[in-house]
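Subject: Structure handover

Hello,

Here is the structure I said I would pass on.

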Amino acid sequence: MSNLFDEASSSYESILTRDVWMSGENTEYFALYKAQCIKTALGERFRGRILDFGCGIGLTVKPLCALFDPLRTKIYGYDVSKKSLAVAKSTVPGAFFLEDLDDTFQEYFDVVILANVLHHVLPEERILLIESVRKLMGHRGRLFVFEHNPYNLLTQWVVKRFPLDKDAKLLRLRDTLSLLKICGFVKYRSAYIVFFPKSLKVLRSIESFLSFLPVGAQYFCEAFVRDVDEPFKTNGTIREKPLK
Ligand SMILES: C[S@@+](CC[C@H](N)C(=O)[O-])C[C@H]1O[C@@H](n2cnc3c(N)ncnc32)[C@H](O)[C@@H]1O
């Protein structure tokens, strides 16, 4: 899977732009949308370290760098695809790109973003991935997950045609929330997002009122690390302790 993203690193943006043409928008619109969701949630006074885990060629990192004050907030990107990281490094000079997340990064980040990463991870490996992400965050860490909404027919259509999504297994919002719960996160909020194409952009001002409707092209979840006094255990896919 990561090879796919290595191979496509130089053409990723143009492939994506071609595949989202029906929305009338380009990749910058979707990246800025995500960055603004995060900025709104964290607020003007946020200070800390944000990691975009699975940052690809840095499409979301770029607007994050523009929206956050570099004196207060450091933006990091990490990806398994080294070639994507190389593109990100050359196009987003204001961020720090990491090729490895070794032990020195445990509890290092205040915020981690998983933007359209989980549907590329095998279902049986998702818990391990989210657990490893949780370990990168401090006790008050916040996680933002963005995913395609499988209930949106246009999203399904785009995913079927996007060559890099050929192994994708989409997650419903409730699947994502259940994974987050298993992995020690408490949901703070979730919302369906990206409802209207550019031709209907006059309606975008009401999108926030529609966030409960499972028809947006994507959704996001914001969750906090659960403050637990006893460690929880998993055997990779199944939590040993029953969920509360
Ligand atoms: C669809 S792209 C999304 C890129 C970026 N987050 C964005 O929204 O533009 C998915 C990315 O997830 C990365 N990825 C998949 N599995 C990963 C893993 N286990 N660890 C780190 N990155 C991963 C891929 O290499 C790819 O760059």
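Predicted model: local features only at pLDDT ≥ 70, side-chain atom pairs only at ≥ 80, totals over all residues.

Residues are numbered from 1 along each chain as its sequence is written.

Confidence. The average pLDDT of the protein chain (the predictor's confidence in each residue, from 0 to 100) is 89, and 92% of the residues score at least 70. Residues 229-244 have a pLDDT below 50; this stretch has 15 contacts beyond near neighbours in sequence (C-beta atoms, placed from the backbone, within 7 Å).

Strand β4. Helices (H or I, at least four residues) and strands (E, at least two) are DSSP runs, numbered from the N terminus. Strand β4 (residues 109-115) has 6 of its 7 residues buried, so it is largely enclosed by the rest of the structure. Buried means that 20 or more other C-beta atoms, placed from the backbone, lie within 10 Å of the residue's own.

Strands pair if DSSP finds at least two bridges between them. Strand β1 (residues 48-53) runs parallel to β4, joined by 4 bridges, and I50 has V111 as its bridge partner in β4. β4 also pairs in the parallel sense with strand β5 (residues 137-148), over 6 bridges.

Ligand. The ligand is surrounded by 17 residues, the closest being F5, G54, G56, S81 and A115; a residue counts as near if its C-beta atom, placed from the backbone, lies within 6 Å.

Regards

Notes
Contact = placed C-beta atoms within 7 Å. Buried ≥ 20, exposed ≤ 12 C-beta atoms within 10 Å, placed from the backbone.
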